Structure formats: structure tokens, C-alpha cells
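This report describes the structure shown below, from its overall confidence to selected local features.

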Amino acid sequence: MTQKVISANRLGDGLVVYLATDGSWAEWISGSVIALDEATADAMLAQARQAEQDRIVIDPYLIDVAEVDGQVRPTKYREFIRATGPSVRPDLSKQNYVPDPASHETGAHDTGV
Amino acid sequence: MYIYDEIDQTLVDQRVNQFRDQVRRRIAGELSEDEFKPLRLMNGVYLQLHAYMLRVAIPYGTLSAEQLRKLAWIARKYDRGYGHFTTRQNLQYNWPKLEELPDLLAELAGVQMHALQTSGNCIRNVTADQYAGVAADEVIDPRIHAEIIRQWSTLHPEFTFLPRKFKIAVTGAETDRAAVKVHDIGLIAKRDAAGELGFEVIVGGGQGRTPMVGPTIRDFLPEKYLLSYLEAVLRVYNRLGRRDNMYKARIKIQVHETGAEKFTEMVEREWEQIRDTAVELPAGERERIAAFFNPPLYDATGDGAEILARDVAGDADFARWVSTNVAAHKADGYAIANISLKPIGGVPGDASAEQMDAVAALAERFSLSEIRVTHEQNLVLPHVRQDDLYAVWQTLKSYDLHTPNLGLVSDMIACPGLDYCALANARSIPLAQEISQRFADLDRQHDIGELKLKISGCINACGHHHVGHIGILGVDRKGEEYYQITLGGSGAEDASLGDIIGPAFPYDRVVNAIETLVDAYLGVRADGERFLDTYRRLGADPFKEALYGTH
């Protein structure tokens, strides 16, 4: 069987998350629990459905992954973009984006025009 | 522009409170996602690839400076510092949090904005010519009737659960800048021989997987019957639309399958029954609404034209911007300034919060506090004195909003595509970026002339590829992004659908293919011919030959 991990969107903020080895839902695919067989995949899906019931995530599903250079990587391009962020905004990628607490506080900005 | 009365404001405020409670119940577990999804969609909240997405309605593309400044503020506080202007003159935020959305919507309501009917099978945000009220070739400001339709269609109980979504576009000008022939209903204001105002009614246009140029079902509908006639069209559709198959549920399929003539008869029959009893505007209401769109007091004093001529003569870059991005205004001494949201290598339609603030400030100072959003994903300052244009341009320049490419090859429409959209099969934005970089040389772009290039990342055609002079459609071929090219489409008054030119190209061959097509056009065009004109004159053969060497 192709290796699989579980992805979903987090209910509260909608961000893409993955079922991690410690049972939590992480924003990064790197710590995902990987199913190597159908039975494990089914068990993970059951766990994800419970998380859906518990209002942690929405719409969980299995995605195909492969190990590339020691990294877990989705095999489908759509899932690769979900895992990394919009390809056209590297500044907003999962790796690079850091919320700016100052602007979030006020939203204010003076352009001086 | 239109200002909410107490009824408008109460409706929007109550809706925010209702949604606040719905979000609370969802987070508390009182509503399942299945129960909540239709409720959030009715408030413009989608779940996209990376996060929730909020689609904010900008009725007929008109914004005040205060509203645009609020959109910038929201982008910073509740999103990631930018927004995306769409082909329906709306604004999309890509990263709002569900738990913060009620507060976000309350902020919008504070400036008379909302996200109602930006999703769902209802009458969507009504769109209009972005030059409404300022175009020289206009019969009437189409926003008067767009606003009347907005009020009539907002929470209309009979038309809240239509077979499918329903889009209405209105123009008051001969030149069609609102793509009215590819909408569910398109309205063109005109006057009859007696000088009475009325509308040409076009029904059943649209794009998506079954593109259609809509037929005219009535050449002239007297103005006073507008709402009863729309109601008749909607009733026929609501009764007979294909609710059993979402791919056949749009009115265009019904019009096509029934036949325009028979469909028209059905509408006319329905209309005969209701025309004198249907809900019409209360007496005085049309005038009350129209008064909001009275022309502002223009001040044509001074030597605007002379000063502009001097500024143009003194700065070649400014002169180029004026020649492409500035349009004639109906008032002496004024101009329409188009702001391109297509910088070379940029994301079509995206604007940062800083850019939005800058445009809002420019509008306040130089454009009577008004901004327009175009369906081609640009912004417009509609009332700029000619002698202020140079100052406007200099500020635009410092915010990278000065690209002189309106209507040229780099002024592309591109949908969000696979970078953001859950429905997309392929990316649109990176392709748009690469094409604009390939044609970065503005001299070359100007030599090529008007060329409407439009890119969609899937068959739903949000990027209007069917009506691009060159259209690009992303498809998924066994997990690979491929792109089908169409030629000869137009969304203007000479509307037509593009023809598929041949086999699709993989991502890394598309930019070369576009350049090949443009070069082929340059080789055979006659004097003064646009790309579209040459295609229409010669047909597909020279382009096929250039791309595939088939002859």
C-alpha cells in the first residue's frame, strides 16, 4: 500500500493540519503518523473521525505520501500545496509565515499619502 | 454613492448577530459541519485549500474611501495583510479564522458592507460597468438599477434556493465593460425612439463547463417593468431549472434546451400574469435611490488640459500611463484613472493592505472619495481632475500600482487556481506571472496592442478563459498540470466564445506557446487589427500552424 497520512482543516482557524504521532493535530506534515497498511489507515481514520466529533478538525481524509530525501512529502501536487502553502507566496508558506502581533493588535497603518 | 437606510443597516446588523450565534453553536458542538456549512456559505464563508475564505460583496464594484480603508484594516487585523479582487468585483480574504469571522463581519457592517449572497444558489452580488456614472457613452448610471436589484434580491424569499447560483450584470453604456452577455441575466440600458428609458434583456449567458453567449429575449423593456420582468424570468427558471443535476442547473442550460424563442414565450406569459400585480418599487423610491447616484459637483475651473499636456510632455513614463490607463470622463476637466493590479510578475487582482490604504487616500484627496473595482481585477479612481493626474500617478508609482498595461497582454485575469482554490485542477497565478515576465518589455506590449488573456485553473471558468482573446484552461492529466488554449473569445459587446486550438500543453511549455501565438499574430496582422480581429479574419489555421506545424 502507498504510505498515507491523515490531513484535515482545523475547525477554529481552518488551517491545514495533520494527525501527528503523539495524537495531536500539527500544522506540519513532518511529524505525521504514517500508515503503511490498510488496518493502520483505518484506525487513523477512526481516530480522525473522533476528532471531527470533538470539533477539533473538519473533513479529515487520507492522502498519499512518499519519503523524498528523508522528508515526508505528498505525492499529489494539490496536497503538496496544502502542505507547504501557496506556491506564489513563499512568505506565507508554512515554513516562513510568522504572524505579526503588532498589526494583528490594531490593524492600523498610516500610508502618509 | 448609495448610503444605507435604517432598514439596510438593521438587516446587515441582525445578520451579523445571527451568524455570531451560528458560529458559537458550531464551536460549542450544537451544530455539525453538515448543518453549519450551508449557514456559513450564506454568509460568504468558504473552506478553501489552506483555510477559510471570506468573499466580501462590493455591490456593482463601488467602494468609498472609508470602505476600502476598512478592507485594508481587516486585511491586517484578521487576515495576512492582503486581499484578492475577483472577476465579480468582490474581495476575497484567504486566511480568516472562523472564531474571528463574526467580529470581522461586524467591522464590515460598520461601513455598510457584508458578505451576504456571495455564495449559495441565490441571486449573487450584482455587477456593473466600472465606468458607471462617468462614461461618456452612457444612457444612464447603471448603478441606480443595480442598487434597485440589490435591494429587491437581498434575502428574497422566493429566490433564496434557486436551482443554482444566479448572476446579474448591468451596463448603461454601448461599450460593454461588464460582460453582460455571459451572465445569467445581462441588462443594457437604452432609450427607445420616444426617448423613454428601458433595458435590453439578455438571458442565459454564462461560462463554466457549458459556456454560452446569452440571447436577447427582449430588445426593449420599459424601465418601470424591470422588477416584474426579472421576477418572471426567475420564476420560470425556479420552476423548471434542473435541480436534479448541478451541471445542468444553470439557467443557460434551460434557455439552450428549451430554445430561446420558447423560453421567451414562457417568460412573457408569466410576465403578463404578474406585470401589474408584482411587487414594484414604492412611489418615490426609485427617485430616492437615483438621487444617491446624481453626478457630483465637478469643478472644471483651471487649466486642467493644459497642465496635463505639460506633465505628459515632461515625463515619458507618465505619458505612457496616461495613454493606456486613463480614460475619457464625461465631465470637462476630469479623467478616469485605472489602477492596474497586474504589476509585472505580480499576482493578478491581489492588493496589499498598504496598497488599499494608498488608493483610499488617493480617492479621498483626488477622486471624491470613490473607487471602483473592475471585473478584470483592477481598480479605478473615477473622478480625477486632469491637473491632478500627475500627482496621482506619482503616488501610485511608490506603491507599485502604476503599471501602464490596461488591456495589454500582461493585464490578465487569473483565478486563484490551485494555489488557493479547493476546486482547481491546476495553478493559474504562477502562469500569469511567468507570462507577464515574458512580455515585461512595455514597448513590446504596446506594439502587440489590446490582447485579453484570461486564465482559469479549472472548468468552472472563474478566470473567464472562454472569453479571452487568448484563453488558458488548466486541467489535470494524470496528476500533471496541463493547459488547454482557446482563441477568439470576447466578453465585450462583440461577445464570443473561444475555440480550442489543439492539444493541451504541459505547464513548462505554455509561456512559449503564448509567445508563439503572439508572434504569429504579429506576422499576419493588418494595420490597426487587434489580436482578436486578426483571429476573426483569418481563423485558426495560421495559429495552429505556428503552434503545432500541422499544415
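## Model and confidence

The structure is a predicted model. Its scores are ipTM 0.92 and pTM 0.96. Chain B has an average pLDDT of 96, and 100% of its residues score at least 70.

## Chain A

Chain A contains three helices and five strands. Along the sequence these elements follow the pattern β-β-β-α-β-β-α-α. Of the 113 residues in chain A, 27% are buried. When contacts in chain A between residues at least 6 apart in sequence are considered, 48% join residues at least 24 apart.

## Contact between the chains

The contact between the chains involves 34 residues of chain B and 26 residues of chain A. On the side of chain B that touches chain A, the elements giving two or more residues are α3 (65-78), α12 (353-366) and α14 (429-438) of chain B. The largest share, six residues, comes from α12(B). By class, the residues on this side of chain B comprise 17 nonpolar, six polar and eleven charged.

## Nonpolar cores

The largest nonpolar core has 136 residues, and those with the most contacts inside it are B:Val233, B:Ala337 and B:Val359. With neighbours within four places in sequence left aside, B:Ala337 is in contact with B:Asn325, B:Val326, B:Val380, B:Leu381, B:Val384, B:Leu389 and B:Val392. A second, separate core has 47 residues, including B:Ala424, B:Leu431, B:Ala432 and B:Ala520.

## Helices α1 and α4 of chain B

Helix α1 (residues 6-28) of chain B and helix α4 (residues 101-110) of chain B have axes that come within 9 Å and cross at roughly 175°. The angle is over 145°, so α1(B) and α4(B) count as roughly antiparallel to each other.

From α1(B), the residues in this contact are B:Val12, B:Asp13, B:Val16, B:Phe19, B:Arg20 and B:Val23. They meet B:Leu101, B:Pro102, B:Leu105, B:Ala106 and B:Ala109 in α4(B). The contact of α1(B) with α4(B) has nine nonpolar and two charged residues, with no polar residues.

In helix α7 (residues 251-258) of chain B, the buried residues are B:Ile251, B:Lys252, B:Ile253, B:Gln254 and B:Val255. These buried residues of α7(B) pack against β9 (197-203), α6 (226-240) and α8 (260-274) of chain B. Just after α7(B), B:Gly259 has a positive phi of about 95°.

Helix α14(B) buries B:Ile429, B:Leu431, B:Ala432, B:Gln433, B:Ile435 and B:Ser436.

## Surroundings of B:Leu91

B:Leu91 is located in strand β5 (residues 91-93) of chain B. This residue counts as buried because it has 26 C-beta neighbours inside 10 Å, where 20 or more are required. Not counting residues up to four places away in sequence, B:Leu91 touches B:Val56, B:Ile58, B:Leu71, B:Gly83, B:His84 and B:Phe85. B:Leu91 and B:Asp350 are 259 residues apart in sequence, yet their C-alpha atoms are 9.2 Å apart in space.

B:Gln112 is not a glycine but has a positive phi of about 60°. B:Gln112 lies in the loop between α4 and β6 (127-128) of chain B. With 18 C-beta neighbours inside 10 Å, B:Gln112 counts as partly exposed.

B:Ser369, a residue other than glycine, likewise has a positive phi, near 65°. B:Ser369 is found in the loop between α12 and β14 (370-373) of chain B.

Definitions and conventions: Residues numbered from 1 in each chain as written. Chains lettered and ligands numbered in written order. Predicted model: local features only at pLDDT ≥ 70, side-chain atom pairs only at ≥ 80, totals over all residues. Axes fitted to C-alpha atoms, helices over the stretch in contact; angles between N-to-C directions. Helix = DSSP H or I, 4+ residues; strand = E, 2+ residues; numbered from the N terminus. Parallel < 35°, antiparallel > 145°, perpendicular 65-115°, else oblique. Contact = placed C-beta atoms within 7 Å. Nonpolar A, V, L, I, M, F, W, Y, C, P; charged D, E, K, R; others polar. Core = buried A, V, L, I, M, F, W, Y, C linked by C-beta atoms within 7 Å. Buried ≥ 20, exposed ≤ 12 C-beta atoms within 10 Å, placed from the backbone. pLDDT = per-residue confidence, 0-100.
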